[in-house]
Amino acid sequence: MQKRTAEPDFVDATLNVRYAETDQMGIVYYANYLVWFEVGRVAWCRAKGFHYRDMETQDGRYMTVAEATCRYKNPARFEDDVVIRTSVASATEKVIRFRYEVLLRNTGQLLATGETVHVVTD
């Protein structure tokens, strides 16, 4: 199947940084951005009319993570409101590449960018 590149069709999810997501310096621990990417990805799927659970239970299909990248630009801190902006960068029948931007909600400051690559399996 031919690879198609999607037009940017962003879906935003907002969350408030919890204390447990920060390190001793009050800055969000780096691995939490990958968790936030999942929050964004689930919100994107829901906005497009499907749910992971239904895909798994009804279709017997799974999106396994094959690759994840994150580029940190500015720190997020405890009690910041952040927006996870998610889009599909490209998709085929077997591989989906999601793109993410994490922004401070009140200023729009870019905190991080990233991508995850998912292989669709049964």
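Predicted model: local features only at pLDDT ≥ 70, side-chain atom pairs only at ≥ 80, totals over all residues.

Biologist: What makes Lys48 and Asp9 a salt bridge?

Modeller: Their closest N and O atoms are 2.5 Å apart. The cut-off is within 4 Å, so the pair counts as a salt bridge.

Biologist: Why do you say that this pair ties together parts that are 39 residues apart in sequence?

Modeller: Because Lys48 lies in the loop between helix H1 (32-47) and helix H2 (52-59), while Asp9 lies in the loop between strand E1 (4-5) and strand E2 (11-16).

Biologist: And why is Lys48 called partly exposed?

Modeller: Lys48 has 34% relative accessibility. Buried would need under 20% and exposed over 50%, so Lys48 falls in between. Asp9, with a relative accessible area of 37%, is partly exposed by that reasoning.

Biologist: Arg18 and Glu21 meet in a salt bridge too. How do you know which of them is buried or exposed?

Modeller: Arg18 is at 53%, over the 50% cut-off, so Arg18 counts as exposed. Glu21 is at 4%, under 20%, and therefore counts as buried. Their N to O distance is 2.9 Å.

Biologist: What makes Arg105 and Asp81 a pair that links distant parts of the chain?

Modeller: Arg105 is in the loop between strand E5 (95-104) and strand E6 (110-121), and Asp81 is in strand E4, 24 residues apart. Their side chains meet in a salt bridge at 4.0 Å, N to O.

Biologist: Which residues are joined into one network?

Modeller: Arg97, Arg99 and Glu115, through salt bridges that share partners.

Technical notes:
Residues numbered from 1 in each chain as written. Heavy atoms only, no water. Helix = DSSP H or I, 4+ residues; strand = E, 2+ residues; numbered from the N terminus. Buried < 20%, exposed > 50% of the residue type's maximum accessible area, 1.4 Å probe, protein only.
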